[in-house]
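Keep the structure open beside you as you read.

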Amino acid sequence: MTSTPRRMAAVTLMLATTVYGTTTTHADDDPNDPPGTEPSASAPVEVDPNDPDLKLPDGATLAQAKVLDIKSVVEEQSGDERREDTNTSVTLALQAEVLFGKDSSKLGAEAKSRIRGIADEIRTQNATRVRVFGFTDDLGSSAHGDVLSKRRANAVHDVLSQSLNDAGITYEVRGYGEQYPIADNATEAGRKKNRRVEVSFPRSEP
């Protein structure tokens, strides 16, 4: 996102897909649909179990077809930024401390610069649907976390929409509070990862 060199580590995962919900301009009051659960991989190719080229052993049968996504996860060694690439989408997660002060939803100049870098990639991918989701750790009340995560998601959305200035882009903006942690809230290192804003959008067709 910036010109500063970063040390990165990568891991590849296999993930089954499910479904996702509706779109909105600013954060919903009742976000029930989990993030990152829209279908992405293509439907499985039909295979004739009687095709002789399969060379199945006598008595063997084919397992039920499954739709799988290949997910590449790249995280800065500092943990400040995390990138997930699948066959069809990109998700960029920034830790809240990189973007905001403590218990704040105000963005500084460096944070806005990082978000404009995300906007550049959205433009490059020709994405017309962008999701911005805010998350917190589980410290404090759940209600406070819900409100704070909404405000932070809205702040990031505002910079993205201003930078892209494209009426053809639809935004889904939500605050999930302490829901959907990506690390253990029992440690400060884990809580730091959970305090984040995620921006996701489809990849352009190859």
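## A buried threonine

Thr136 has a relative accessible area of 7%, so this residue counts as buried. The model you are looking at is a predicted one. You will find Thr136 in the loop between β5 (129-135) and α3. Its side chain reaches the backbone nitrogen of Glu178 at 3.4 Å.

Which residues does Thr136 contact, once neighbours within four places in sequence are left aside? They are Gly145, Leu148, Ser149, Gly177, Glu178, Asn194 and Arg195.

## Asn194, a partner of Thr136

Asn194, one of those contacts, is found in helix α4, which covers residues 188-194. Is Asn194 buried or exposed? With 0% relative accessibility, Asn194 counts as buried.

The side chain of Asn194 reaches the backbone nitrogen of Ala183 at 2.9 Å.

## The overall layout

Stepping back, the protein has 206 residues, and 40% of them count as buried. There are four helices and seven strands, and along the sequence they follow the pattern β-β-β-β-α-α-β-α-β-α-β.

## Where α2 meets α3

Helix α2 (residues 109-124) and helix α3 (residues 142-164) have axes that come within 9 Å and cross at roughly 55 degrees. The two helices are therefore oblique to each other, and their crossing is right-handed. On the α2 side, the contact is made by Lys112, Ile115, Arg116, Ile118, Ala119, Ile122 and Arg123. On the α3 side, Val156, Val159, Leu160, Ser163 and Leu164 take part. Sorted by class, the contact has eight nonpolar, one polar and three charged residues.

Not counting residues up to four places away in sequence, Leu99 touches Leu94, Lys106, Leu107, Gly108, Ala111, Ile115, Val156 and Val197. Ile115 and Val156 also take part in the contact between α2 and α3. Leu99 and Ser113 are 14 residues apart along the chain, with their C-alpha atoms separated by 9.9 Å.

## Two residues with positive phi

Most residues other than glycine have a negative phi. Asp103 has a positive value, near 60 degrees. This residue lies in the loop between α1 and α2 and is partly exposed, with a relative accessible area of 47%.

Asn165 also has a positive phi, near 50 degrees. Where does Asn165 lie? Asn165 is in the loop between α3 and β6 (170-175), and with a relative accessible area of 67% this residue is exposed.

Notes. Residues numbered from 1 in each chain as written. Predicted model: local features only at pLDDT ≥ 70, side-chain atom pairs only at ≥ 80, totals over all residues. Heavy atoms only, no water. Buried < 20%, exposed > 50% of the residue type's maximum accessible area, 1.4 Å probe, protein only. Polar contact = N/O pair within 3.5 Å; in protein donor to acceptor, adjacent residues only side chain to side chain. Axes fitted to C-alpha atoms, helices over the stretch in contact; angles between N-to-C directions. Parallel < 35°, antiparallel > 145°, perpendicular 65-115°, else oblique. Left-handed = near helix turned anticlockwise from the far one by under 90°. Contact = heavy atoms within 4.5 Å. Nonpolar A, V, L, I, M, F, W, Y, C, P; charged D, E, K, R; others polar.
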